[in-house]
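My notes follow the display.

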Amino acid sequence: MELRWLESFVTVAEELHFAKAADRLHLAPSALSAQVRALESHLGVRLIDRGRRSRPALTSAGRLFLEEAQRTLAQAARAEAVGRRAGRGELGHAEIAYVASAAFSGVLTDVLTRCAAPGTQLTVQVRELETPAQLEALACGDIDVGFLRWRPEYPPGVTATCLLTEEVVLALPAGSPLAAYEAVPAAELCHERFVAPHFDEEYGCRDQILEVADQGGFSPQVAPPVRDFIAALTLVGGGLAVALVPDSLRRVQIPGVTCRPLADVRLTTRLVGAYRKGETSPAVRGVIRRLREAAAVTVANNDPQAHMTFLR
């Protein structure tokens with residue numbers, strides 16, 4: 001039984017006039033009549049009485065069948081709409097992971113807001129995950145999109161797009177004499193103890209500390225590594241160390257912590273969106289598209305004093 005037969009029958013039942021029904025369907029009356037006859041033949045019952053001098057009328061079987069035919073057409077229309085929306089990435093499920101520092105960048109929350117926009121029914125599961133674990137989870141399919149700090153290379157089948165490049169600033173105890181500087185010279189850090197996330201998890205932290213020490217002409221004192229930047233800031237607030245952190249972490253209100261730019265060293269860090277190459281899931285592709293849209297809007301509205309540059 002073909003849907004076009006049902007559509008022809010329902011239209012005739014609504015109009016009770018073959019010529020008017022044919023006009024609605026943009027068919028010749030003969031073609032419309034042939035489709036109704038094909039349906040009746042398929043069912044083995046007459047649905048419409050075709051009076052020569054009177055208007056067509058539904059038979060008792062036709063009246064019973066009409067309601068079911070209308071429901072079937074409505075369900076088919078809903079199924080088609082769902083299929084098209086799923087194909088556009090407006091329906092479905094995606095797993096997102098992020099490093100703790102990404103939560104303060106603004107990109108992650110913007111993407112989640114877009115995924116929850118009216119007319120969109122994307123189900124997004126979000127969880128915090130360290131960079132190496134994210135890359136492993138992406139490769140094996142446990143997550144679909146990762147927000148993480150840039151790495152020099154990625155697992156086979158995984159690619160990354162730069163979302164945010166931001167300046168690295170110095171986080172120091174609010175009571176430190178260094179807080180009197182508007183911008184701290186590298187040489188003034190010679191007696192400080194640096195704390196950073198685990199080097200295997202936040203690529204580049206060790207190199208940045210060494211670059212500052214080289215500029216200042218000293219060998220750095222490095223505290224045992226911590227899990228993430230939030231843990232590093234906690235130690236800074238306790239007066240136990242200083243830390244080099246992304247500029248967006250100024251938004252983290254941890255008591256006892258203040259931030260200053262570096263006077264003679266310019267360091268940057270990049271936040272990237274990582275995902276599988278050739279992703280086939282329309283829902284995941286929809287999240288990736290919204291990620292790029294969020295980055296484009298942010299660069300248009302960005303305050304140049306924030307030292308952030310969003311890239312499509």
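Which residues does valine 212 touch, not counting residues up to four places away in sequence? I find Ala186, Leu189, Phe194, Phe218, Leu244, Leu262, Val265 and Leu267, with contact taken as heavy atoms within 4.5 Å.

I note the basis here: this is a predicted model, in which local features need pLDDT of at least 70 and side-chain atom pairs count only at pLDDT 80 or more, while totals for chains, interfaces and linings use all residues. Residues are numbered from 1 along each chain as its sequence is written, and side-chain values use heavy atoms, with hydrogens and water left out.

I looked up the cores next. A nonpolar core is a set of buried Ala, Val, Leu, Ile, Met, Phe, Trp, Tyr and Cys residues joined through side-chain atoms within 4.5 Å, where buried means under 20% relative accessible area with a 1.4 Å probe, protein chains only. The largest one has 36 residues, and Leu189, Val212 and Leu244 have the most contacts inside it. Two or more residues each come from strand 6 (158-173), helix 7, helix 8 (229-237) and strand 9 (243-246); helices (H or I, at least four residues) and strands (E, at least two) are DSSP runs, numbered from the N terminus. Strand 6 gives the most, with 5 residues. Another core, of 32 residues, lies apart from it and includes Val99, Leu108, Leu163 and Ala274.

I then checked the second largest cavity. On a 1 Å grid over the protein atoms alone, a cavity is a set of points where a 1.4 Å probe fits but cannot get out, and lining residues have an atom within 4 Å of a point. The lining consists of Val195, Ala196, Cys205, Gln208, Ile209 and Leu244. Helix 7 (residues 205-216) supplies the largest share, 3 residues.

Technical notes
On a 1 Å grid over the protein atoms alone, a cavity is a set of points where a 1.4 Å probe fits but cannot get out, and a pocket is an open set with protein on both sides within 12 Å along at least five of seven lines; lining residues have an atom within 4 Å of a point. Buried means under 20% relative accessible area, exposed over 50%, partly exposed in between (1.4 Å probe, protein chains only).
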